[in-house]
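Here are my notes on the model you sent. Please read them with the coordinates open.

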Amino acid sequence: MIKHIFASSNTDKGIRSLSVVSDKLEQLDSSKLYILKGAFGTGKSSFIKRLANFLVDKGYNVIFYHNPINPSIIDSIFIPNIQILIITTNSMDINSTILPGNLIDFDLFLEKDITSEDRTFILSLFNSVTKNLEKSNLYLQGAKAIYSTCIKTAENGILKNAKRKYENARIKNISQLISEKDKIGYCTYLYSYALTSYGVVDYIHTLISKSKTIYLIRENLICQSKDLMKRLHDLFLHNGYNIICSISPFDENKIEDIIVPELSLSIAVSNTFRKPKIFPTDIFDFNHCVDYEVLDPIANEFDDDFNLFLSLLDKSYNSINNASKNINKIKEYYAHYMNFDKVDELFEILSSKIIE
């Protein structure tokens, strides 16, 4: 089984990473951790993707961790069957004990001494990457402010009593599926989708599509499921279930998916930004908790704010894409001087070692 995950995303606070990889770093035996170190363009992502596909062909389950700037790039993979985690990095900034044979330096396969002129060229590209990511961050800060304004503008349209009764009924329905355990559960957090150079990219269906029971919550900017999902999160944890929760890049306190492996149960939110590619068992719809007549006088104001929000997002995506283009130029520079025959030899050695 193949699963795809975003452990990090561009947000209004910059690129933020969640616990899903660091949790595994803390839990793994050091012999099960491999780190592929090297500059952009030395082939780390292609290598790890090739290795993952090789393992899938051999019948292993693999979890792909995607890069939030360019989601076609794989930053890490995890092989649950054998509890092996493989991470790529541009520099050794990971606080963990690495066995000497498990740290692989791709820079050793570069067949060129970097001159001062080369360094100046590469540094200018890195500066451009940084500048564009900073611009993206500023646009996202503006988008987050307008997003909050949209919610504030429309809050009078919420039928609060109807919403609360509806939430209580959903809590009661799901409570019937669980049993109390003499422990507190644990939650692993990831992003429901990422804000990338491609726009919004969502892989959550690869995590929840195999659940036997899938509830889909239809929400809107006026009436959201934030309170309900937080209550469900607490309900599962307080009853001793280990869960996986994905959160929104726009609001780190907003849970958008809950997966309960022990119950083969998933709850996913559908909204303006993402519509999960799933076939739900049942649908919870918050649209009937909105008084649209109350919103008529402010419809134009709301629409103007929302269009401004979308415009700022487009500017952010464009800046991330410009950063990605400069990263590609750096990669092209280094790739030109790489000895990929040596990389192929390494692949044969490492792939054999992993499946031995």
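1. Terms come before the sheet. Strands (E, at least two residues) and helices (H or I, at least four) are DSSP runs, numbered from the N terminus. Two strands pair if DSSP finds at least two bridges between them. This is a predicted model: local features need pLDDT of at least 70, side-chain atom pairs count only at pLDDT 80 or more, and totals for chains, interfaces and linings use all residues. Residues are numbered from 1 along each chain as its sequence is written, and side-chain values use heavy atoms, with hydrogens and water left out.

2. The open sheet has six strands, in the order β1-β5-β6-β7-β4-β8, and its pairing is mixed. β1 (2-5) and β8 (103-105) are the edge strands; each has a single partner, so one side of each lacks a neighbour in the sheet. From one strand to the next, the twist averages 15°. Angles here run from 0 to 180 degrees between N-to-C directions, with axes fitted as lines to C-alpha atoms, for helices over the stretch in contact.

3. Within that sheet, β5 (residues 62-66) and β6 (residues 74-79) run antiparallel and are joined by four bridges. His-66 has Ile-74 of β6 as its bridge partner. Helix α2 (residues 44-57) packs on the sheet and touches β1, β4 (33-37), β5, β6 and β7 (84-89). The direction of α2 makes about 25° with that of β6.

4. Next, β14 (residues 255-260). Six of its six residues are buried, so β14 is largely enclosed by the rest of the structure. Buried means under 20% relative accessible area, exposed over 50%, partly exposed in between (1.4 Å probe, protein chains only). Four bridges join β14 to β13 (residues 243-247), antiparallel; four join β14 to β15 (residues 265-270), also antiparallel. Ile-259 is the bridge partner of Ile-244 and stands opposite Ser-266 in β15. β14 and β15 form a hairpin with four residues between them, and Ser-264 in the turn has a positive phi of about 50°.

5. On packing, a nonpolar core is a set of buried Ala, Val, Leu, Ile, Met, Phe, Trp, Tyr and Cys residues joined through side-chain atoms within 4.5 Å. The largest has 53 residues; Leu-232, Phe-236, Ile-243, Ile-258 and Phe-309 touch the most other members. Apart from it lies another core of 25 residues, including Val-62, Ile-74, Phe-347 and Leu-350.

6. Check Gly-185, in the loop between α4 (160-175) and β9 (187-191). At 12% relative accessibility, Gly-185 counts as buried. Beyond four places in sequence, Gly-185 touches Leu-237, Gly-240, Tyr-241 and Asn-242, where contact means heavy atoms within 4.5 Å.
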